[in-house]
Amino acid sequence: MAFGHAPLDGWLDGGLKRAQLHEILTENAKDMGAAAGFAAMLGLRSQQGDGPIVWLRTRDAERHGGRFHAAGFAALGGDPATVLLATFPNAVGMLRTAVDVLRCSGPSAVIVECRGNPRAFDLTASRRLTLAAGETGIPVFMLRLGAAAVPTTADTRWSVQAAPSHALEAKAPGYPVLVLTLLRRRGGPAGKSWLAEWDCEQRCFRDAALSGAMVSLPPGRQDTDCEEKRLVAIG
Amino acid sequence: MRRNGSSLSVDTPFALVENVKGAIRLAAIDPAARKQGLVPGLTLADARARVPELAVHDHDPAADARWLDRLSEGCGRYTPMATALPPDALLLDITGCTHLFGGELTLVADAVKRLKKLGMATRFAFAPTSEAAYALARWGKGGADDEEEAVRRLPVAALALDAEKELGLRRAGLKTIGMVAERLRPGIAARFGEETVTALERLLGHSRRPLGAFPKKAAIHAERRFPEPVARTEYALEILSQLLREAGEELYRRGKGGRCFEARFFRADGLAKKLSVELGRPTRDPEEAMRLFRERIDTLDDPIDPGFGFDAIRLSVAIQEDLPPSQIGIEGDTDRESRIAAMIDRLSVRLGRNGVVRCHPVDTHIPEACQRLVPAIEKPKEASWPRPAPGEPPRRPLQLFDPPEPIRVTAEVPDGPPWRFIWRGRDHRVTLFEGPERIASEWWRSPRDPLGETRLTRDYYRVEDSEGRRYWLFRHGLYAREKRNMRWYMHGLFA
């Protein structure tokens with residue numbers, strides 16, 4: 001599942017793996033727009049034909065981060081008719097349903113969204129998701145807003161932040177630009193950030209640094225090229 | 001009515017009371033209370049003075065109606081045409097059903113026995129019209145061999161007219177139906193109104209009212225009756241899957257598929273439990289429907305309680321659609337579409353019909369109203385979402401706040417673009433903006449306000465703050481023309 005962003009795909013050996021759990025975190029709750037956008041973009045990247053994207057979220061996340069707006073999804077290049085939505089009062093029921101959906105082998109991607117660190121989402125729950133995704137080959141994206149990293153069986157863990165876009169004429173905001181930080185990756189090096197711009201027509205990411213003027217990384221984040229982390233792959 | 005489970009003995013006078021114009025009055029009484037000389041309509045204080053040991057309970061007509069509905073559902077075992085006749089009667093059209101039970105008297109004896117087990121005191125009557133049957137059950141004293149003769153002996157109250165007309169009839173010396181029936185109809189119509197004649201004709205069986213409100217009978221159904229009540233739920237479900245197989249064969253013969261299956265479990269004590277499952281596309285696969293039934297039972301708060309056991313189980317196909325025979329693929333697996341449909345069915349059963357939804361476009365410019373959530377189990381209608389023009393960034397946010405959140409905005413001029421804003425306690429400095437995109441109110445949708453004066457125009461701005469986050473803000477009202485003090489709102493978040 002390639003991003004379409006050459007440096008990123010090169011780093012990940014061709015992109016994200018299907019049939020795996022991928023985690024998307026935002027440490028800052030203010031980045032929920034960017035995080036939800038990234039999840040939707042990954043869903044679009046993994047969409048095959050008309051296979052629906054199933055988006056499950058807790059009521060708490062919806063209240064805080066706003067509800068799904070179909071016109072906005074269409075503006076990102078997707079077809080809202082292929083999105084199935086469900087909201088849940090708590091994370092327990094949501095995770096149970098997510099496992100059931102993953103076993104059904106119909107959908108092209110499952111997005112599971114909640115706020116904070118729910119107790120229900122632990123190593124066991126993430127393992128269930130990974131196993132269920134492995135059975136049917138559907139990618140599952142666990143989106144957690146304003147959350148801290150906890151041990152999970154996720155294949156990759158991402159942190160997302162919004163970044164200034166390339167202004168269009170008359171100082172209008174341009175295409176969505178995100179800072180994607182790979183926090184963890186099983187069986188590979190992690191700890192690197194990329195600037196990626198979403199191309200709504202091609203439905204793919206592209207290198208934001210190449211497509212316009214250089215954009216500096218947001219304050220508080222250094223370019224991690226120099227201090228490359230090496231992680232040991234376990235399991 | 002005396003409910004089962006009350007700790008009262010049958011001999012204690014019992015009454016239901018309700019509040020009428022500030023006084024607590026008796027609404028209904030039982031035979032023991034009637035024997036003591038109480039009548040409905042008496043104030044509770046008077047009743048207590050006469051019968052100190054009177055047991056009293058609040059009258060709850062809604063609960064009575066619900067109970068009556070449950071009873072009528074339970075009577076579905078005798079005839080498909082069973083309905084509740086509020087406030088206190090059940091009406092069964094047993095035309096052509098009696099031979100299954102060995103005659104109408106045995107049928108009624110069985111029904112009365114079941115109702116008695118539930119603590120109900122019952123009276124019954126047979127008649128050719130529903131009005132006559134009800135009147136005989138309500139007012140009849142018995143003792144007549146002929147039904148028509150029995151009807152003629154009923155008091156005029158059986159006509160169910162309003163109090164004034166009834167009094168008029170009695171003052172005219174017409175005390176029974178027979179006496180009224182002897183008079184010439186035009187005379188009665190002139191004096192007591194047309195409806196008196198209509199009621200009389202119906203009571204005498206000379207004219208009929210169509211019976212309404214019967215549940216529609218499903219065209220395909222399968223049923224199993226047991227000589228001994230079945231107390232094990234597992235066995236009952238096994239029977240249900242057999243019934244599904246039978247219904248599936250019948251559906252196959254007709255080239256149809258079921259989209260909604262209903263199962264009724266009739267309990268030995270006269271109550272019935274109804275379960276229904278709905279599918280997104282027609283099916284006749286018993287396994288598929290059975291999976292949904294099991295899912296449905298798992299989600300029930302109260303698992304199906306066999307009580308003293310089930311003595312009949314009925315399955316009906318409530319909604320059916322054409323389903324031509326199809327060929328299974330060589331590997332025997334189903335196509336992707338049907339797998340998706342099966343997933344939606346399972347989720348809809350578990351989360352409820354409105355638990356899994358998809359968005360449907362609505363023709364309006366108001367952002368929060370431009371999508372409607374429709375249950376995913378319904379067939380998706382052909383609808384197209386506006387495609388963004390090529391070369392344009394997203395103009396609508398992915399996340400929308402409904403209702404919009406109020407924010408404080410600093411702008412250079414009152415009707416200019418925002419410069420700084422405070423949202424959820426944080427200050428944001430606007431670096432890039434696009435707007436205004438003006439969205440007028442829909443004045444044509446408010447008949448009381450044809451000029452749209454009380455509805456405000458919104459000016460939307462797509463902004464990006466110094467940290468690169470993109471927001472959708474709007475100013476509510478046009479400055480100086482519609483409003484003096486501007487209010488700003490945060491309406492959505494872009495990716």
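**A sheet in chain B, and beyond**

Author: Let's start with a pair of strands: E6(B) and strand E9 (residues 310–322) of chain B run antiparallel, with 7 bridges between them. Strands count as paired when DSSP finds at least two bridges between them, and the elements themselves are DSSP runs numbered from the N terminus, at least four residues for helices (H or I) and at least two for strands (E).

Some ground rules before going on. This is a predicted model, so local features need pLDDT of at least 70 and side-chain atom pairs count only at pLDDT 80 or more, while totals for chains, interfaces and linings use all residues. Residues are numbered from 1 along each chain as its sequence is written, chains are lettered from A and ligands numbered from 1 in the order written, and side-chain values use heavy atoms, with hydrogens and water left out.

Back to your sheet. It's an open one with 4 strands, ordered E6-E9-E7-E8 in chain B, and the pairing is antiparallel. Strands E6 (220–230) and E8 (272–283) of chain B sit at the edges with a single partner strand each, so each has one side without a neighbour in the sheet. Ignoring direction, neighbouring strands are turned by 15° against each other on average. Helix H11 (residues 233–254) of chain B lies across E6, strand E7 (256–267), E8 and E9 of that chain, at about 155° to E6(B). That angle is taken between N-to-C directions on a scale from 0 to 180 degrees, with axes fitted to C-alpha atoms, for helices over the stretch in contact.

Chain B has another open sheet, where 3 strands follow the order E2-E1-E3 with mixed pairing. Here the edges are strand E2 (23–29) and strand E3 (55–58) of chain B; each has a single partner strand, so one side of each lacks a neighbour in the sheet. Its twist averages 45° from one strand to the next. Strand E1 (residues 14–20) of chain B pairs with E2(B) in the antiparallel sense over 6 bridges, and B:Leu16 stands opposite B:Ala28 in E2(B).

Strand pairing also crosses between the chains: E3(A) and strand E12 (residues 399–411) of chain B run antiparallel and are joined by 2 bridges. There, A:Phe68 has B:Gln399 in E12(B) as its bridge partner.

How big is the meeting of the two chains? In all, 68 residues of chain A are in contact with 57 of chain B, contact being heavy atoms within 4.5 Å. The two chains bury about 4,900 Å² between them, 59% of it on carbon and sulfur atoms. On chain A, A:Lys30, A:Arg67 and A:His69 lose the most area to chain B, together 16% of what that side buries. Buried area here is the accessible area (1.4 Å probe) that two parts lose on being put together, summed over both.

The interface of chains A and B has 5 salt bridges, each a side-chain nitrogen of Lys or Arg within 4 Å of a carboxyl oxygen of Asp or Glu. A:Asp100 and B:Arg350 meet through their side chains in a salt bridge, at 2.4 Å from N to O.

Over all chains, the structure holds 52 salt bridges. In chain A, the side chains of A:Arg157 and A:Glu23 form a salt bridge at 3.1 Å, N to O. That pair links distant parts of the chain, 134 residues apart: A:Arg157 is in strand E7 (residues 156–162) of chain A and A:Glu23 in strand E1 (residues 21–26) of chain A.
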